[in-house]
Amino acid sequence: MKIPFLGDRPEKRGAPDPEGIAELLAECELLRSHASRAGVQLDDTAASLEALDQLVPRWRDDAEVLPWLGNDAGLYLGTVIVRTVPGAAWRIWPDGQPIVRLASGREFDVVASGQEWATSGVPELSQLYAEVAEA
């Protein structure tokens, strides 16, 4: 439909912007806030994952914060992988779940890993990163 005063509208929507998606997923506001209060700077490096593993898990006492923090931890793990492992990229499954896909085609549900870390501390984020970086 063409309405002259509205101008031409695109017929199809373009592909999602991978950089925009990566920036959105990297926000991890709750995790960054908790880390900052504990004196840990999240600079998107493997060393920052090691520092997170050393935090005292006070969030486990708060049933409302725990799932959100776990989600953020997974997104932060994915952000570090995507920014430091060559060929790694974010993908969004049809159900909306963000995953990290390596150049080899192997996929990681980093959010599930972040949830496990927030709940029990195992496996450690730095350990997961090391396994992924080797692959």
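Let me begin with Asp53, which lies in helix 3, residues 46-53; helices here are DSSP runs of H or I with at least four residues, strands are runs of E with at least two, and both are numbered from the N terminus. The model is a predicted one, in which local features need pLDDT of at least 70 and side-chain atom pairs count only at pLDDT 80 or more, while totals for chains, interfaces and linings use all residues. Residues are numbered from 1 along each chain as its sequence is written, and side-chain values use heavy atoms, with hydrogens and water left out.

Asp53 is buried but has no salt bridge. Buried means under 20% relative accessible area, exposed over 50%, and partly exposed in between, with a 1.4 Å probe and protein chains only. A salt bridge requires a side-chain nitrogen of Lys or Arg within 4 Å of a carboxyl oxygen of Asp or Glu. The nearest side chain of opposite charge to Asp53 is that of Arg60, 8.4 Å away; in this count Lys and Arg are positive, Asp and Glu negative, and His and the chain ends are not counted. Beyond its neighbours within four places in sequence, Asp53 is in contact with Trp117, Glu124, Leu125 and Ser126, contact being heavy atoms within 4.5 Å.

Leu125 and Ser126 take us to helix 6, residues 125-134, whose buried residues are Leu125, Ser126, Leu128, Tyr129 and Val132. Viewed down the axis of helix 6, these fall within an arc of 155°, so they line one face of the helix; the arc is that of the directions from the helix axis to the C-beta atoms. They pack against helix 3, helix 4 (65-84), strand 3 (107-108) and helix 5 (110-120).

Turning to the loop between helix 2 (29-37) and helix 3, we find Leu42. Leu42 counts as buried because its relative accessibility is 11%. Its contacts, leaving out residues up to four places away in sequence, are Leu31, Arg32, Ala35, Ser48, Leu52 and Tyr76. The C-alpha atoms of Leu42 and Leu31 are 9.0 Å apart, with the two residues 11 apart along the chain.

Three strands form an open sheet in the order 1-2-3, with antiparallel pairing; two strands pair if DSSP finds at least two bridges between them. Strand 1 and strand 3 stand at the edges with a single partner strand each, so one side of each has no neighbour in the sheet. Four bridges join strand 1 (residues 89-92) to strand 2 (residues 98-101), and two join strand 2 to strand 3. Arg101 in strand 2 is the bridge partner of Ala89, and Arg101 also stands opposite Glu107 in strand 3.
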